[in-house]
Amino acid sequence: MTDSKFDFSEAKQLIQANQDVLRTLYTQRGLIKKERERIKIRSRRESRVTYDLPPVLRYQVRQLADQHRLPASQLVTLALLRFLNDYDQGLVNLSIYKQPSSSPRYDWNLVFPEKLLKILKKKLTDQT
């Protein structure tokens, strides 16, 4: 019966080797997935910007986007395109909103009329 002895140490080595191979495959798969994500982020970088917006405005945009089941960025793109078109046609006068800036980087800041902000805040309270 000594001939039929099972070598546990050899089996343990085989199991360990298999686990090492699987661990390597999972690590490689994770690295490939991360690299794909990095490439995706880099490809979108040119079209991404960050702006400071009043919270009430961000909330209104999000609500409207959710209501119409579309991306908020596309809604804001439409709004900006319409604004730029109106500005080019002389329908928007920025000078009435300008106020000198204390920043060394900018000469002017835009001060938004309380009337516009109140409308946004009122819409917000009406929705809740």
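**Entry 1: the pocket**

I looked up the largest pocket and noted about 2300 Å³ of space in it. On a 1 Å grid over the protein atoms alone, a pocket is an open set of points where a 1.4 Å probe fits, with protein on both sides within 12 Å along at least five of seven lines. The volume is the space filled by probe spheres set on the points.

This is a predicted model: local features need pLDDT of at least 70, side-chain atom pairs count only at pLDDT 80 or more, and totals for chains, interfaces and linings use all residues. Residues are numbered from 1 along each chain, and side-chain values use heavy atoms, without hydrogens and water.

I noted 42 residues lining the largest pocket, where a lining residue has an atom within 4 Å of a point. Leu53, Leu57, Val76, Ala79 and Leu80 lie nearest the pocket's centre. Helix α3 gives the most to the lining, with 9 residues. Helices are DSSP runs of H or I with at least four residues, numbered from the N terminus.

**Entry 2: two helices**

How do the axes of α2 and α3 cross? The axes of α2 (residues 55-68) and α3 (residues 72-88) come within 9 Å and cross at roughly 110°. Axes are lines fitted to C-alpha atoms over the stretch in contact, and angles run from 0 to 180 degrees between N-to-C directions. That makes α2 roughly perpendicular to α3, the word for angles of 65 to 115 degrees.

I listed Val61, Arg62, Leu64 and Ala65 in α2 as meeting Ala72, Leu75 and Val76 in α3. Contact means heavy atoms within 4.5 Å.

**Entry 3: one residue**

I found leucine 120 in helix α4. Beyond its neighbours within four places in sequence, leucine 120 is in contact with Val56, Leu57 and Gln60.

Note on methods
Parallel < 35°, antiparallel > 145°, perpendicular 65-115°, else oblique.
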